[in-house]
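Look at the model shown here. The paragraphs that follow go through a helix pair, a sheet and a group of aromatic rings.

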Amino acid sequence: MADQPLLLALDQGTSSSRAVVFDAKGGLVASATAPLPIQYPADGWVEQHPGDIWDSQRKALQDLHQQLAEEQRRAVVSCGITNQRETTVLWRRSSGAPCGPALVWQDGRTADICQGWKTDGLEDAWCRRTGLLLDPYFSASKIRWMLEHHSEAAAAAAQGDLCFGTVESWLLWNLTAGQRHGSDMSNASRTLLMDLEQRCWMDAFREQTGLPGSALPELLPCRGEFGHIAADLPFAGLPIQALLGDQQAATLGQLCLQPGEAKCTYGTGAFLVINTGDSIRRSNAGLLSTLGWTDADGTPTYCLEGSLFNAGTVVQWLRDGLQIIDQADEVNALAQSVPDSGGVMLVPAFTGWGTPHWDPQARGVLVGLTRDSSRGHIARAALDGIALSVATLVELAEEALGHGLGELAVDGGAAASDPLLQAQADSTGLTVRRPRNLESTARGIALFAGVQCGLIPDLSAIAAHRQDDVQRFEPQINTERRRHLRDRWNDAVNRSLGWHG
């Protein structure tokens, strides 16, 4: 092991932070996880403390460092960072102190700001330039709200002492002891502030948020030399050489390297991402055009994405809200205790809808209940609801691309569920491919760092083995049954829209 170079991935997610070491073939060597608290101070509000985000990631890093033998620590040659996207942090440049809570990507409090921008006729230009929509999901309206409601943020802006960043920026700042304030283009493409084609910050859109130009991070390629881990931290001196948003990293981790290849990650939310190569593919049906990754020179690979805000949260709700299961994995046996959902449907719009409706006022719906409905039917409906939500994204993506996807790679914690993946195959008509190791996000950023440091010459060599050690789920219902199921689902979703108004 001492002479085998290793790669470090820092994977900062919505509910936890991970630190993972991989070998040069993407094999998992060791990992550590630290939980991350999340607050819901009002309906549709989702916050985290920036200090908690950093503490959680540092704790995972420390725990991993302690796990490894000294020879393994010395063998780690490069670090990559991947993160929950769109979550917005403001802090003082002079002290590193946060200027209020981080507004999490799920947070919907800025709906009125977005509506105001739409009323002013800004959405068409914003969409054309960024590939996104005017929605609270993205960072721009979060910045505006924070500057209007947190006096410390407004004061720092007035004094020229403000830094803005998404989570990779915040981690990079802390890992380098304030030496680097930067954002990679994959994360920057999710802020509503970056021109997708020109790959530059747009002053006109920034000015709409009230953010001073001096607060913007340096715009970086996704691979490069981004500084070194500070002397007082584990793995001190290790170069940081790759930055990617979590869904882009998972796409790389699933080795979707060719145009048309697709993956879906089931984490807190569910995210369908399709590689579109060097072309920006547009959708008129609510899919997002986004930057996948760049090489060290900034040459881009683009993606088409569908975003759902609730997936793993559905199972958490069954456990913590309804309390019909004690542990998350119990949902599988409970769902399989019944032959089907008994006509029950659960629409998981707890914090609004992303693709295709982009409705922050939507809320969850449980319909079709009878006196015969049981815990098992609700659990089955919960898993079916996640799968049917993703099936809508798949249908829209196939329409935008002009061809079918054929196969869907899956990863993320909820992808461990067999009944969920069978429901996904049934609702889409696609073969669903699950790798043995579901750590695709961490694996993707580690491999990307490996390319930058020269340890991995070409990811295509690893991609040749991506069909090894996988499990496939094939559709088990016919087209007529699938169409009927989808029609009922669309009816249920329509009932969830505009509920909180």
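Helix 13 (residues 375-401) packs against helix 14 (residues 418-428) at an angle of about 40 degrees, and their axes are 8 Å apart. Helices (H or I, at least four residues) and strands (E, at least two) are DSSP runs numbered from the N terminus; axes are lines fitted to C-alpha atoms, for helices over the stretch in contact, and angles run from 0 to 180 degrees between N-to-C directions. The model is a predicted one, in which local features need pLDDT of at least 70 and side-chain atom pairs count only at pLDDT 80 or more, while totals for chains, interfaces and linings use all residues. Residues are numbered from 1 along each chain as its sequence is written, and side-chain values use heavy atoms, with hydrogens and water left out.

Five strands in the order 3-2-1-5-13 make up an open sheet with mixed pairing, where two strands pair if DSSP finds at least two bridges between them. Its edges are strand 3 (28-35) and strand 13 (240-245), each pairing on one side only. Strand 2 (residues 16-23) is antiparallel to strand 3, with seven bridges, and Val20 stands opposite Ser31 in strand 3. Helix 10 (residues 246-253) lies across strand 5 (76-83) and strand 13, at about 105 degrees to strand 13.

The structure also holds 14 aromatic pairs (rings of Phe, Tyr and Trp, the last by its six-membered ring, with centres within 6.5 Å; planes under 30 degrees apart are stacked, over 60 edge-to-face, the rest tilted). Why is the pair of Tyr137 and Phe138 tilted? Their planes are at 45 degrees, with the ring centres 4.7 Å apart. Tyr137 and Phe309 form another tilted pair, 4.9 Å centre to centre with 55 degrees between the planes. Tyr137 and Phe309 are 172 residues apart, and both are buried (under 20% relative accessible area; exposed is over 50%, partly exposed in between, with a 1.4 Å probe and protein chains only). Trp105, Tyr137, Phe138, Phe271, Phe309 and Trp358 form one aromatic cluster.

Definitions and conventions: Contact means heavy atoms within 4.5 Å.
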